[in-house]
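Let's take a look at how charged side chains pair up in a protein chain. Have the sequence and the 3D view ready as you read.

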Amino acid sequence: MIKMNVEEMAGYLEEVFPQVEGMFGIDRIDDELIVMRLHNHDRHLRPGGTVSGPAMFSLADVAAYVAVLAHVGREALAVTTHCSIDFMRKPEAGVDLLAEGRVLKLGKALAVIDVLLFSEGNRQAVAHASLTYSIPPKRVERQAG
């Protein structure tokens, strides 16, 4: 069950990661899928006019983070412990890059997320990422006695 909707997640990201403000958008969050976008900007391009690998990795990683938080709630200290990414084809120039993220397994300590990246308007995947996130244990508040 989803614990944060699009508006709540966008506000939370602005709060905990102000350094990426304006880079990403959240199009959809539900139990099955999250859809995010990397807004098209020249700073994300590499020589040859294509979206750079680091920019694609950033989108995949943020999409996985959002997918985890959507399911566990406000947990800023969830962190990437593994990422494998395959770059399959050149992204199209001049359009946003979209990420579709799915939580494959959500445990108490680890989550496994699958992310596909697409150029907006084209359903051929440009990259595929598999990520594992570590979820910090819940803190138990101790009462003074």
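This is a predicted model: local features need pLDDT of at least 70, side-chain atom pairs count only at pLDDT 80 or more; totals for chains, interfaces and linings use all residues.

How many salt bridges does the structure hold? There are 7 salt bridges in it. As background, side chains with opposite charges can pair when their charged atoms come close. Here are some of the pairs, with the distance between N and O atoms:

| Pair | N to O distance |
|---|---|
| Glu-15 and Arg-74 | 3.6 Å |
| Asp-30 and Arg-28 | 2.7 Å |
| Arg-37 and Asp-96 | 2.8 Å |

Start with Glu-15 and Arg-74, whose side chains meet in a salt bridge. Glu-15 sits in helix H1 (residues 6-16), while Arg-74 is in the loop between helix H2 (53-72) and strand E5 (79-87), so this pair ties together parts that lie 59 residues apart in sequence. Both Glu-15 and Arg-74 are exposed.

Next up are Asp-30 and Arg-28, which form a salt bridge with each other. Asp-30 counts as partly exposed because its relative accessibility is 24%. Arg-28 is partly exposed too, at 36% relative accessibility.

Now for Arg-37 and Asp-96, another salt-bridged pair. This one links distant parts of the chain: Arg-37 belongs to strand E2 (residues 34-38), and Asp-96 to the loop between E5 and strand E6 (97-106), 59 residues apart. Are these two buried or exposed? Arg-37 has a relative accessible area of 13%, so it is buried. Asp-96 is buried as well, with a relative accessible area of 13%.

Terms used. Residues are numbered from 1 along each chain as its sequence is written. Side-chain values use heavy atoms; hydrogens and water are left out. A salt bridge is a side-chain nitrogen of Lys or Arg within 4 Å of a carboxyl oxygen of Asp or Glu. Helices (H or I, at least four residues) and strands (E, at least two) are DSSP runs, numbered from the N terminus. Buried means under 20% relative accessible area, exposed over 50%, partly exposed in between (1.4 Å probe, protein chains only).
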